[in-house]
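Reader: I am new to this structure and would like to go through some of its parts. Please answer my questions one at a time.

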Amino acid sequence: MIQFKTEEEIEIIKESALILGKAHGEVAKHVKEGVKTASLDKIAEEYIRDHQGIPSFKGYNGFPASLCISVNEVVVHGFPSQYELKDGDIISIDCGVFHRGFHSDSAYTYPVGEVSPKVIALLKATRESLYVGIEKAVFGNRVGDIGNGIQKFVEAKGYTVVRELVGHGVGKQLHEPPEVPNWGKRGSGAKLKEGMVLAIEPMVNLGTRNVVQERDGWTIRTADRKPSAHYEHTVAIFEDRTEVLTTHQYIEENFKF
C-alpha cells in the first residue's frame with residue numbers, strides 16, 4: 001500500500017535529504033585516483049552520524065556498508081572495499097539517510113581522471129534522464145509516464161535501461177510502494193497523488209541492458225561488462241508542484257565534469 005505523507009512529514013524528509021546531500025558533498029571532495037572506496041564509505045558514515053542521521057543502507061537486509069559503491073560495469077549495490085580508484089574509472093555512489101523516522105535516498109556517478117568521451121556522454125545522458133523523469137513526475141500523471149520518459153530519452157541516444165532494478169517510494173521505510181521503473185508505457189501504473197514521495201533513479205548502460213548478480217548476493221553488473229551510470233533524487237508530489245527533496249548541489253560545488 002502506498003504511504004502518503006503529510007506536509008510535516010515531507011519537511012522531515014527534507015531535513016534527512018539535506019544531511020544526505022552534505023554527506024555526498026563531503027565524499028565528493030575525495031573522489032580521485034588512488035583513493036580506496038572503503039575510505040569514502042567511512043567519510044559518509046562519520047558525517048551522517050555526526051549530524052543526527054543514521055546511514056539507511058548499513059545493515060539493511062545484511063548490507064555491510066553506508067554507501068553502495070559501484071565502479072565501471074557495476075550497476076548498483078557494490079561493496080566499498082580496498083579497491084583504489086584508477087584513472088578512467090567511473091564510480092556510482094548511492095546513499096540513504098534515516099533521520100527523525102524518515103529516509104531519503106540519492107545517487108551520483110563520477111568520472112575519475114581522464115574518462116573516455118563516450119563514457120562521459122553516458123554519464124551526462126543518464127543525469128539528464130533523471131530530470132526528464134522528474135518532469136513527468138507530476139500530480140495526475142502515472143508512474144509509467146516517468147519510466148516512459150526516461151526510456152525514450154536514453155534509448156534515443158543509443159543506450160539501454162536496466163529493467164530488473166527500479167526506483168521506489170520512500171518514507172518510514174527505505175523502500176515502499178510503488179515501484180518506479182525506468183521504462184514503461186505512458187498512462188500505466190499508479191496515479192501520482194499529493195503526498196507521494198518517490199526515489200527516481202535511472203540506471204543506464206552503455207551496452208546491453210542485461211545484468212548479472214555476483215555471488216555475494218548484492219553486486220549487480222552489466223552482462224557485457226560495459227560501463228553503467230546511475231543518478232537518483234527523492235521527490236515529493238504536491239497538487240501544484242513536484243519538489244526535489246534531495247540535492248546534488250554539494251557534490252557539484254566540489255566536483256565538476
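Predicted model: local features only at pLDDT ≥ 70, side-chain atom pairs only at ≥ 80, totals over all residues.

Reader: How are helix α3 and helix α4 oriented to each other, roughly parallel or roughly antiparallel?

Author: Helix α3 covers residues 117-136 and helix α4 covers residues 143-156. Their axes come within 8 Å and cross at roughly 150 degrees. Angles over 145 degrees count as roughly antiparallel, so the relation of α3 to α4 is roughly antiparallel.

Reader: Which residues make the contact of α3 and α4, and how do they divide into nonpolar, polar and charged?

Author: The crossing of these two helices, α3 and α4, is right-handed. From α3 the contact uses Ala125, Glu128, Ser129, Val132, Gly133 and Lys136, and from α4 it uses Asp145, Ile146, Gly149, Ile150, Phe153 and Val154. By type, the residues of this contact of α3 with α4 are six nonpolar, three polar and three charged.

Reader: At what angle do helix α1 and helix α2 pack, and what is the handedness of the crossing?

Author: Two packed helices are described by the angle between their axes and the distance between the axes. For α1 (residues 7-28) and α2 (residues 37-50), the axes are 9 Å apart and the angle is about 145 degrees. The crossing of α1 and α2 is right-handed.

Reader: How many charged residues are in the contact of α1 with α2?

Author: Helix α1 contributes Ile19, Lys22, Ala23, Glu26 and Val27, while α2 contributes Leu40, Ile43, Ala44, Tyr47 and Ile48. In the contact of α1 with α2, eight residues are nonpolar and no residues are polar, which leaves the charged ones at two.

Reader: Is His248 buried or exposed?

Author: His248 sits in the loop between β15 (242-244) and α5 (249-254). Its contacts beyond four places in sequence include Ala107, Leu130 and Tyr231. The side chain of His248 also reaches the backbone oxygen of Glu232 at 3.3 Å. Its relative accessibility is 4%, and under 20% counts as buried, so His248 is buried.

Reader: Which residue has a side chain joined to that of Glu243 by a polar contact?

Author: Glu243 is in strand β15 and is buried because its relative accessible area is 18%. Outside four places in sequence, Glu243 is in contact with Lys14, Thr234, Val235, Ala236 and Phe238. The polar contact, at 3.5 Å, joins the side chain of Glu243 to that of Arg241.

Reader: Where is the peptide bond from Pro177 to Pro178, and is it cis or trans?

Author: Pro178 is in strand β8 (residues 176-180). Omega of the bond from Pro177 to Pro178 is near 0 degrees, and the bond is cis.

Reader: What is the phi of Gln52, and what is the phi of Asn72?

Author: Gln52 lies in the loop between α2 and β1 (54-55), and Asn72 lies in the loop between β2 (67-71) and β3 (74-76). Gln52 counts as exposed because its relative accessibility is 60%. Gln52 is not a glycine, yet its phi is positive, at about 65 degrees. Asn72, also a residue other than glycine, has a positive phi near 60 degrees.

Terms used
Residues numbered from 1 in each chain as written. Heavy atoms only, no water. Axes fitted to C-alpha atoms, helices over the stretch in contact; angles between N-to-C directions. Helix = DSSP H or I, 4+ residues; strand = E, 2+ residues; numbered from the N terminus. Parallel < 35°, antiparallel > 145°, perpendicular 65-115°, else oblique. Left-handed = near helix turned anticlockwise from the far one by under 90°. Contact = heavy atoms within 4.5 Å. Nonpolar A, V, L, I, M, F, W, Y, C, P; charged D, E, K, R; others polar. Buried < 20%, exposed > 50% of the residue type's maximum accessible area, 1.4 Å probe, protein only. Polar contact = N/O pair within 3.5 Å; in protein donor to acceptor, adjacent residues only side chain to side chain.
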